[in-house]
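Here is a short walk through one protein model, written for someone meeting it today. Keep the picture open while you read.

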Amino acid sequence: MRAAVMRRVGGPEVLAVADVALPGAADGQSLVDVTYAGINFDDIERRAGDGPTPELPAVLGVDVVGRRRRDGRRVVVLMRHGGGYAQVAAATDAHSVEVPDDISDEQAIGVFEQGATAYGALTLAGRVRPGESVVVSAAAGGVGHLAVQLAVALGARPVIGIASTEAKRAFVRDLGADHALEPGADVRDVTGGRGVDLVIDATGGDSTRALLAGVAPFGRLVSYGWRAATPDRGVVTVSTGELTDRSIGCAGFWMRHVVDDRPLLEAITDELFGYARKGLLHAHIDRIVPLDRVGEAHAAVADRRTTGKVLVDVRREG
């Protein structure tokens, strides 16, 4: 089969297409003929050496959609250890969910992993309630653009998106956000000075600190990542005095705790597909690239030149 193989840590150019052996399916796994693989920051960090380095040579890719060989069913899969940038993947059955006939492959992979992250951050960690105000940082990104739509669907008002360019802010408003602001803006300016009830954040550093300043009494900030391009992106200092004096809370969310809870993974996926059927949730596919251009797609995502989801069509080259 063909796969995009990483033989060393480095820039996007280290990803090169090659012929490799079919993977073996261990107990609890099934072979999946992959249609699309998603590009995620996890892949980019591993390729660049900013995250855990996989055993080399390696095939990256943590989410795929395709057809399971043993029964012909379409499935979306979270590939915890990678392996998605290939024509065939060994998928863990516990991390695979069947795709309903009325959901396309593109939408299934578009809303699955990143939609579950958005939904979990909003509901499990953030415990959002109808009528509460919500801010979403990186609102034009893969998780962010779904979080904006889900916040609206869950009855949050107003929903405020943070995005780095006017084009991206226009995109966020088109998603249904009541306001779209630039990074560093004071969210209290669009909430009558009160502040916001919930912040869903993936940036870290100074940007997160600015959002934390705008949290209203009894409000919460939920972090699900730290993507800011600054050395302090993984650190946001808040004192116990500030927490108590302002009656605010901080929480985190990691998708792994959903993946490891099979009933919860199925329940959330059912919710996401239900919202998609109703037209309340739509994954914006920025681009679909052939397998031999996965490096170019990595560069585009890393440089923040994309909105929504980026996919790799592993069946095509050139």
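## Parallel strands and their crossovers

Strand β9 (residues 159–162) and strand β10 (residues 179–181) pair in the parallel sense over three bridges. Helices (H or I, at least four residues) and strands (E, at least two) are DSSP runs, numbered from the N terminus, and two strands pair if DSSP finds at least two bridges between them. Before going on, two notes on the source: this is a predicted model, where local features need pLDDT of at least 70 and side-chain atom pairs count only at pLDDT 80 or more, while totals for chains, interfaces and linings use all residues. Residues are numbered from 1 along each chain as its sequence is written, and side-chain values use heavy atoms, with hydrogens and water left out.

Right-handed here means that, with the strands pointing away from the viewer, the path from the first strand over the helix to the second runs clockwise.

β9 also pairs with β8, again in the parallel sense and over three bridges. There, V134 has V159 as its bridge partner in β9. The chain gets from β8 to β9 through α4, and that β-α-β crossover is right-handed too.

Buried means under 20% relative accessible area, exposed over 50%, and partly exposed in between (1.4 Å probe, protein chains only).

## Polar side chains and their partners

S137 counts as buried because its relative accessibility is 1%. Its side chain reaches the backbone nitrogen of A202 at 3.0 Å. Leaving out residues up to four places away in sequence, S137 touches G144, I162, I200, D201, A202, T203 and L211; touching means a contact, with heavy atoms within 4.5 Å.

E242 lies in helix α7 (residues 240–246). Is E242 buried or exposed? With a relative accessible area of 15%, E242 is buried. A polar contact of 2.9 Å joins its side chain to that of R209. For the term itself, a polar contact is a pair of N or O atoms within 3.5 Å; within protein, one must be able to donate a hydrogen and the other to accept it, and residues adjacent in sequence count only if both atoms are side-chain atoms.

D71 is in the loop between β4 (63–68) and β5 (74–78), and is partly exposed because its relative accessibility is 34%. The side chain of D71 makes a polar contact of 2.8 Å with the side chain of R68. A polar atom of the D71 side chain also lies 3.0 Å from the backbone nitrogen of R73. S30 is 41 residues from D71 in sequence, yet their C-alpha atoms are 9.7 Å apart in space.

## Helix α1

In helix α1 (residues 41–48), the buried residues are D43, I44, E45, R46 and R47. They pack against β1 (2–6), β2 (15–19), β3 (29–38) and α10 (294–302). Just after α1, G49 takes a positive phi of about 85°.

Most residues other than glycine have a negative phi, and most peptide bonds are trans. The table lists some exceptions.

| Where | Backbone feature | Value |
|---|---|---|
| L56 to P57 | cis peptide bond | omega near -5° |
| R157 to P158 | cis peptide bond | omega about -10° |
| F218 | positive phi, not a glycine | phi about 70° |
| S247 | positive phi, not a glycine | phi near 55° |

As for where they sit, P57 is in the loop between α1 and β4, and P158 is in the loop between α4 and β9. F218 lies in strand β12 (residues 215–223) and counts as exposed because its relative accessibility is 67%. S247 lies in the loop between α7 and β13 (249–252); at 30% relative accessibility, S247 counts as partly exposed.
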